[in-house]
Amino acid sequence: EQGRVVALVMCDVKGKPIRDVARVDTNRAGAMVSPAAWSPDGKWISYMQLEPGPGRTPVGGTGSLILQDAATGSNKIIARIEYAADEQAERDLIFGVTWTGDSKALVRVKSDGKASAIVVMGLDGAVLREITVPGDKWARLSASLSPDGEYVAWLEEETGGTGISAHVRKLKSGAERVVAVSEQTKNMKDMVFGPVWSADSGLLYVPASDSRTGRVVQVEVGKEFKRKLVFEKADSAILGISVAAKARVLAVDTSMLHGDKAIGIEVVNLSNGRSRPAHFGVRWGTSISPDGRWVSFCPAGERDMYGGCIVTADGSEINFYSPTPGFAEFALRIVEDRLEGAVEAAGLGKAGENAPVEERARAVQAACDKALASHDAPIFREGIAYARAELLLECAGDRKEDRAAAEKAVKAFLKAYPKHVLGPQLKKEMDTLFAE
């Protein structure tokens, strides 16, 4: 779009911007930039920048692998990639590059449509190693190298589309084995992550879901490859996994199978096996901090609302960064969207707009009560209170009981959160409805 700028921004956990890492004017033939990746030692930031070819398409375009000094902000291009197909450019823009555990090399996945390979590159751009996997079965899924460089793991679609399997190969011997299989092929194709390694390379985290339940298993990499279930959620798919480098904590992206409104983050304590929601409405880019205290993500972009959210792992605090006015208001609606998904799951999705208003109101109340029973963090109580008021207003018809319930919910929200950014809009909606 004319005047649109895509930027990678460094900010603190409160959402305060520190500086731009990259800033690309998309008027320049549709240039784009990938997500950034920090080196484990914190000294470098890497990202890909795409300059499309003729016709503003990736074909014939060039990708630059850029290394930035995290302290000074100075950039250097260490490699250029000529794109012969849209798929490779898309892969680079989605995944970017990752780092080896010692911060001495970068890892990139490439494909020519016939075979895929993991390319290990030095900080000067020299190719140190290229690991080829026959076929292009995992062209849309990322592969990952273990931090110690001894293993490679990837997700691969099974023949006939019956599931997606997680593979591990020992590089020295070439020995390969399947460590887990997920049946949720359709949902798994939407993932933008590969198998996730622990910092010491001893553990691997992969999805192992069946047709109705999302699961994540921990695999001990070695002789026996023992598996342990670490996360399970009914009626859900697993869309992403992020592991804290310095703590035994996972952040898991989940999506309810009935629709993509119910996307959320679950934080898993690997020491005691307990999990709890950290937030709802996640779209992509979930990452947990090395100490396991913070989770960052991007909510679904709508109406040119783009930015980042940073939430504590217990859901008690959320901060925002965005150059877009109104982004915080937009982001605060994501709990409401999540509850709308829960209402649909309760049966309203089938009944649709023809469902009696009293049935819709009962479903809203039940969904909110159920959410409150399992989400006790302040940010969830606030969001659920807003969702209850907003959804009951939508359900309020001519019945006095329905209007009274909506009015009660709105007034309770305004009293509990008098400074909430959405408060004035909610009151206006109530006054307009009751004036009819």
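Modeller: A salt bridge here is a side-chain nitrogen of Lys or Arg within 4 Å of a carboxyl oxygen of Asp or Glu. The model is predicted.

Biologist: How many salt bridges does that rule give?

Modeller: Side chains of opposite charge can pair when their charged atoms come close. Applied to this model, the rule brings the count of salt bridges to 11.

Biologist: Which residue meets Glu-176 in a salt bridge?

Modeller: Glu-176 belongs to β15, and a residue stands opposite it there. That residue is Arg-169. The side chains also meet, with N to O at 3.2 Å, and the partner of Glu-176 in the salt bridge is Arg-169.

Biologist: Is Arg-169 buried or exposed?

Modeller: The cut-off for buried is under 20% relative accessible area. Glu-176, at 40%, is above that cut-off and is partly exposed. Arg-169 has 15% relative accessibility, so this residue counts as buried.

Biologist: How many bridges join strand β14 to β15?

Modeller: Strand β14 covers residues 164-170 and runs antiparallel to β15. The number of bridges that join them is 6.

Biologist: What is the order of the strands in the open sheet?

Modeller: The sheet holds 4 strands with antiparallel pairing. β12 (144-145) and β15 (176-182) have a single partner strand each, so one side of each is left without a neighbour and they stand at the edges. The order is β12-β13-β14-β15.

Biologist: Which side chain does Ser-165 join through a polar contact?

Modeller: Ser-165 lies in strand β14. Its relative accessible area is 0%, so Ser-165 is buried. The polar contact spans 2.8 Å, and the side chain at its other end is that of His-167.

Biologist: Where do Glu-407 and Lys-411 lie?

Modeller: Glu-407 forms a salt bridge with Lys-411, the closest N and O atoms being 3.0 Å apart. Glu-407 has 29% relative accessibility and counts as partly exposed, and Lys-411, at 48%, is partly exposed as well. They are 4 residues apart, about one turn of the helix, and both lie in helix α7 (residues 400-416).

Biologist: How far apart are the closest N and O atoms of Asp-20 and Arg-23?

Modeller: Asp-20 is partly exposed at 35% relative accessibility, while Arg-23 is exposed at 56%. Asp-20 and Arg-23 form a salt bridge, and the distance between the closest N and O atoms is 3.2 Å.

Biologist: Which residues are linked to Asp-210 in a network of salt bridges?

Modeller: Here the salt bridges form a network that includes Asp-210. The residues linked with Asp-210 are Arg-215 and Glu-232.

Biologist: How many aromatic pairs does the structure hold?

Modeller: One of the pairs is Tyr-151 with Trp-197, whose ring centres lie 6.3 Å apart. Aromatic pairs in the structure number 3.

Biologist: What kind of pair do the rings of Tyr-151 and Trp-197 make?

Modeller: Planes under 30 degrees apart would be stacked and planes over 60 edge-to-face, with the rest tilted. The planes of Tyr-151 and Trp-197 are at 35°, so the pair is tilted.

Biologist: How many residues apart are Tyr-151 and Trp-197?

Modeller: Both are buried: Tyr-151 has a relative accessible area of 11%, and Trp-197 has 8%. Tyr-151 is in strand β13 (residues 151-157) and Trp-197 in strand β16 (residues 196-197). The pair links distant parts of the chain, and the separation is 46 residues.

Biologist: Which residue do ring pairs link with Phe-413 and Tyr-417 into a cluster?

Modeller: Phe-413 and Tyr-417 have ring centres 5.4 Å apart and planes at 45°, so this pair is tilted. Phe-413 is buried at 1% relative accessible area, whereas Tyr-417 is partly exposed at 21%. The cluster also takes in Tyr-386.

Biologist: Is Arg-108 buried or exposed?

Modeller: Arg-108 sits in strand β9 (residues 105-111). Leaving out residues up to four places away in sequence, Arg-108 touches residues including Met-48, Ile-81, Asp-92 and Val-119. Its relative accessibility is 6%, so Arg-108 counts as buried.

Biologist: How many disulfides does the structure hold?

Modeller: A disulfide is a covalent bond between the sulfur atoms of two cysteines. Cys-309 is buried at 1% relative accessible area, and Cys-395 is buried at 3%. The number of disulfides in the structure is 0.

Conventions
Residues are numbered from 1 along each chain as its sequence is written. This is a predicted model: local features need pLDDT of at least 70, side-chain atom pairs count only at pLDDT 80 or more; totals for chains, interfaces and linings use all residues. Side-chain values use heavy atoms; hydrogens and water are left out. Rings of Phe, Tyr and Trp (its six-membered ring) pair if their centres lie within 6.5 Å; planes under 30 degrees apart count as stacked, over 60 as edge-to-face and the rest as tilted. Helices (H or I, at least four residues) and strands (E, at least two) are DSSP runs, numbered from the N terminus. Buried means under 20% relative accessible area, exposed over 50%, partly exposed in between (1.4 Å probe, protein chains only). Two strands pair if DSSP finds at least two bridges between them. Contact means heavy atoms within 4.5 Å. A polar contact is a pair of N or O atoms within 3.5 Å; within protein, one must be able to donate a hydrogen and the other to accept it, and residues adjacent in sequence count only if both atoms are side-chain atoms. A disulfide is a pair of cysteine sulfur atoms within 2.5 Å.
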